[in-house]
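Have the 3D view open as you read.

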Amino acid sequence: MRIWLLAALSALELFSGKIAGTVGPVPPCDTASADHCGFDRAEDLAALPGTHWLAVSQTSLTSPLVLLNMRTGSRVPVNAAQFSNPAARSASRCSGPPVAFDAGGIDARRVHGKVWIAAINRATPQRIELLVMETAWPQPKVSWRDCIGVPPEYALNDVALAPNGDIYATHMFARPESATETQQLRTKFFAAAATGFALHWSVQGGWRPMPGSELSFANGIAVSGDGHWLAVAGTFDQAVLVVNLPRSDIRRVRVALQPDNITPFGRSSFIVVGHTGVPVTGIDPCRNPQARPCGFPFSAARISAPSGAVTPIYTDDGNATPGASVAVLDGRMLYLGSAFGDRVSVRVLGSASWRSGRVRR
């Protein structure tokens, strides 16, 4: 959710306090709570298949990626200094392990029998790092395996792995190079005009835009558990595109939130989270460094890919929780990451939430 809009941010940036239902700082993380404290802007989360571990990307050069045990809270940091150059083929003529690792959007999936992690590396030049989990017990050990270069005209936000090893990603918008271009981009956001789209990468075809995937701030992206569906979030469209991958049919699903990241749930559903109750630029006060940890109203919903049905599963006024940028559902446990937070928040969903759309807090 990192955006180059600094030149055009409005007076909303001038943080002046927190009132109910609006935007502003929340209390520091409570170490006695169920939340996992001590993270620096845990922007994205990805569950490692077949384990109790969660991959967390954060703003830290010493540990840009952290593996978090959802049961015990133990952590395994991952950084560029740990990467070695294995004797592995490179599908994309990769130059080798990164010198710097600035993790952005991430995904994890079992590919050809191994658990892989894909992570956007926002260091220059931008590329996608591919890691593989070598062992899972007593704690996971991951190794760098490959990378995929990204053409400079693309500004990636999120990445998704397919079961066959293909990559999907979102291109948010063309990076503005002047104050005028920044204001023009901002105007497009207010008008919900298309600024980006989804991309598909394969060994055979390289990077290709996906026709019909144009969105206003293309944000989160995910492939379903069964590998048959792709979901793409358009933040200012307030919509999620659901793509039937075998036929490339696209359904536009309206959601009552401004969707950020998307994660798979079960075989053919997705969990989407985004802010609510504030205008297009309503979370601008959270960009003030003095406002972190920062909260704003947000909600999470489950989307059924085959039917397009949307089921609300969680709502939050943002007065005590950092505004979420990602949600991972594990049973009844909802794990929330925030681009403006200092924790991975944990909420337990009541059984009634699946029937009524309400959550017992």
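Which side chain does Arg-71 meet in a salt bridge? The partner is Asp-330, at 3.2 Å from N to O. Keep in mind that this is a predicted model. Arg-71 sits in the loop between E5 and E6, while Asp-330 belongs to strand E24 (residues 326–330), so this pair ties together parts that are 259 residues apart in sequence.

Neither end is tucked away: Arg-71 has a relative accessible area of 47% and counts as partly exposed, and Asp-330 is partly exposed at 27%.

## Other salt bridges

A search of the whole structure turns up 12 salt bridges. Another one joins the side chains of Asp-102 and Arg-122, at 3.7 Å from N to O. Asp-102 is in the loop between E6 and E7, and Arg-122 is in the loop between E8 and E9, so the pair ties together parts that are 20 residues apart in sequence. Asp-102 counts as buried, with 17% relative accessibility. Glu-43 comes into the picture too: together with Asp-102 and Arg-122, Glu-43 is linked in a network of salt bridges.

Then there's Asp-237 with Arg-252, whose side chains meet at 3.5 Å, N to O. Asp-237 lies in the loop between strand E16 (229–234) and strand E17 (239–244), and Arg-252 lies in strand E18 (residues 249–254), 15 residues apart. Here the two ends fall into separate classes: Asp-237 is buried at 11% relative accessibility, whereas Arg-252 is partly exposed at 43%.

## The nonpolar cores

The largest nonpolar core has 23 residues, and the members that touch the most others are Leu-48, Leu-65, Leu-67, Ile-117 and Leu-131. Strand E4 (53–57), strand E5 (65–69), E6, E7, strand E8 (114–121), E9 and E10 each give two or more residues to this core. Take Leu-67 as an example: its contacts beyond four places in sequence include Leu-48, Trp-53, Val-76, Ile-117 and Val-142. A separate core of 22 residues has Phe-265, Ile-271, Ala-291 and Tyr-314 among its members.

Strand E9 (residues 127–135) and strand E10 (residues 141–149) run antiparallel and are joined by 8 bridges. A hairpin of 5 residues connects E9 to E10. Across this pairing, Leu-131 stands opposite Trp-144 in E10.

## A four-stranded sheet

Look next at an open sheet of 4 strands, ordered E19-E20-E22-E23 and paired antiparallel. Its edges are strand E19 (258–265) and strand E23 (310–316), each pairing on one side only. From one strand to the next, the twist averages 20°. E19 and strand E20 (residues 269–275) share 6 bridges in the antiparallel sense, with Pro-264 opposite Phe-270 in E20.

## Aromatic pairs

There are 9 aromatic pairs in the structure. In one of them, Phe-83 and Phe-101 are tilted, with 5.7 Å centre to centre and 55° between the planes. Both lie in the loop between E6 and E7, 18 residues apart. Phe-83 counts as buried at 11% relative accessibility, and Phe-101 is buried at 3%.

Phe-298 and Tyr-314 make another tilted pair, at 6.0 Å and 40° between the planes. This one links strand E22 (residues 298–304) to strand E23, with the partners 16 residues apart. Both Phe-298 and Tyr-314 are buried. Elsewhere, Phe-173, Phe-189, Phe-217 and Phe-236 form one aromatic cluster.

Conventions: Residues numbered from 1 in each chain as written. Predicted model: local features only at pLDDT ≥ 70, side-chain atom pairs only at ≥ 80, totals over all residues. Heavy atoms only, no water. Pairing = 2+ DSSP bridges. Axes fitted to C-alpha atoms, helices over the stretch in contact; angles between N-to-C directions. Phe/Tyr/Trp six-rings, centres within 6.5 Å; stacked < 30°, edge-to-face > 60°. Buried < 20%, exposed > 50% of the residue type's maximum accessible area, 1.4 Å probe, protein only. Core = buried A, V, L, I, M, F, W, Y, C linked by side-chain atoms within 4.5 Å. Contact = heavy atoms within 4.5 Å. Salt bridge = Lys/Arg side-chain N within 4 Å of Asp/Glu carboxyl O.
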